[in-house]
Amino acid sequence: MVPRRSFRPFSAMPGRLFSALLAGSLLAAAPALTAQSARLVAVDQHLMVNADSGSTPWWKHAVIYEIYPRSFQDSNGDGIGDLNGITQRLDYLQSLGIDAIWISPCYPSPQVDFGYDISDYEKIDPQYGTLADFDRWVAEAKKHNIRIIMDMVMNHTSDKHPWFVQSAASRTNPKADWYVWRDPKGYTADGKPIPPNNWISGFGGSAWQWSPERKQFYYHEFYRQQPDLNWRNPEVEKAMFDTVRFWLDRGVAGFRFDAIPTLFEDEALRDEPALGGTNAQGDPNLSDIYTNNLPEVHDVMRRLRKVADSYPGDRVLIGETYLNSAADLNKWYGGAHHDELQLPMDMQVGFLNRLDAATFRTRITDAETKIDGNQPLFVFDNHDNRRSWDRYGDGIHNQQIARILATLLFTTRSTALMYYGEELGMVTSTPTRKQDVKDPIGITGWPREKGRDGERTPMQWDNSKDAGFSTADKTWLPIPDNYTTVNVKTEQADPASLLRWHGQLIAMRRQNPALHDGEITMLDENNPDVLAYVRHTPGSPAVVVAVNCSGEARTVHLSLASLGISASTAKTLLTDAPELDKAISLGDVTLPAYASWVASVQ
Ligand code: NOJ
């Protein structure tokens, strides 16, 4: 059983180690990292975006880029990012080579959970802009061959949403049953109502909040300002699906569904079994068998998929699915029926949180073999977890380690999901004083849980005031100190930068047939330190990928004979190891510590 922490369930695991043509604009400013990779500059991205025609849906080969709107680009000088700001930065995003943006919630919200508490599902929060700004952004993005994916929060609303305000007003109003209301279990000797059961909010404290008006408790998986909707009421499903249609009609390419496994709770409200010990908020660790991943949710997913499929253009449904195995994940695709979400997130690979070649190999193989031919979606970073730079880095080799992670993200067969700033090596900048914390869980949980501000700091564009993010005297979260060197402008000019590495990998994945579409076969499968695989497709040269996850030089045995490939040499396409920047004889290949190597088999 897993402790219930659905917002960032892996952050407390012991595995936490230490603390273009636009391809041209990104790649052409200086010579590329290796002579070979420089040829990538010639890739015509515009043509390739449209290369997936016919029956292959666009999202199968996509690179999806998550934007946290408060932190990407401020266009009006209030210190908070906005939609017009994102529109201004579309050239950059196109030059990086992305196919779609997933924007974290930008709807009207009291911003208790920075947008994940929605008070109106069919408008834009004034601090981010207007519906007209939104429409202009979608249209401009389309001109840049970039699609827009909305974040859809169906588990809960804000307590300021008119639905909840009405629901809370009486036990008899038309929306009385839209949320999860229950009578108290009883009253204490001094007259205090006792919650119906032992359920704990993922954000700390009892998951039950007393309503003096109704003299009942309501259930909230997250903050008390985020009451859970009652998905056993068909009117709730209809209202939510209507909002989904509202945005699909407006031209969005799909949705990322927030906390989707938590839609249903046990009807009998059974107590969750205790697991022993306490979590960072000081609450008992509980199982989540009665509040997470209940089977009823899959009927909703199948109906939701029908809504998406009724629209043209391969609209995609992505799920925030922190699950423990590929088998569990497979249920979210609808298994062999392929009739639920197209891309539930695989958190097993990206949130392993330790550089462990053998476990990466097992988990990537699981994603290939245990999901009934569905398409994996890998992700290493998001707005809820310390940045991968810090989760995987050892404090000394973080650049190389970040290149390894990017290599895995873009050269495996998975759809790739990345988070703004990951391409720069932005670090987690956790507040050092409680009075500076913005994320409520960091205030209630201080000092064990310092909240998520650290992974949400403003995008670092250049070394000017506010890192080019804003002109405000004070930005909503501070600009990290390293912005003078870790920023887009500086890294665009540096052929060895992490940004250039990302741009090269993304362009290669688009251009090279084996990387674009090929099968993946693991190589040297018992090697404990080097993860190696080959991507291969008939009629095109195979591509070998090897990453050394250890701090010592390591040899990997590369034999392709079992695949019927008799070639004896490989031509390096991209590497950060100068000694591998040449034609390499296959067989035993030695990689320096933490090196990444991608090569085309001759
Ligand atoms: C998951 C989101 O990613 C997180 O930021 C949010 O706080 C919770 N769901 C609640 O909506």
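## A cavity and a central strand

Let's start with the lining of the second largest cavity: by class, it has 7 nonpolar, 3 polar and 3 charged residues. This is a predicted model, where local features need pLDDT of at least 70, side-chain atom pairs count only at pLDDT 80 or more, and totals for chains, interfaces and linings use all residues. Residues are numbered from 1 along each chain as its sequence is written, and side-chain values use heavy atoms, leaving out hydrogens and water.

A cavity is a set of points on a 1 Å grid over the protein atoms alone where a 1.4 Å probe fits but cannot get out, and lining residues have an atom within 4 Å of a point. Of the 13 lining residues here, D381, S388, W389, A402 and E422 lie nearest the centre. Helix α14 gives the most, with 3 residues.

| Partner of β12 | Sense and bridges |
|---|---|
| β9 (residues 254–257) | parallel, 4 bridges |
| β13 (residues 343–344) | parallel, 2 bridges |

I318 stands opposite R256, and its bridge partner in β13 is L343.

What about cysteines? C106 counts as buried because its relative accessibility is 1%, and C549 counts as buried at 8%.

How values were computed
Two strands pair if DSSP finds at least two bridges between them. Buried means under 20% relative accessible area, exposed over 50%, partly exposed in between (1.4 Å probe, protein chains only). On a 1 Å grid over the protein atoms alone, a cavity is a set of points where a 1.4 Å probe fits but cannot get out, and a pocket is an open set with protein on both sides within 12 Å along at least five of seven lines; lining residues have an atom within 4 Å of a point. Ala, Val, Leu, Ile, Met, Phe, Trp, Tyr, Cys and Pro count as nonpolar, Asp, Glu, Lys and Arg as charged, and the others, Gly among them, as polar.
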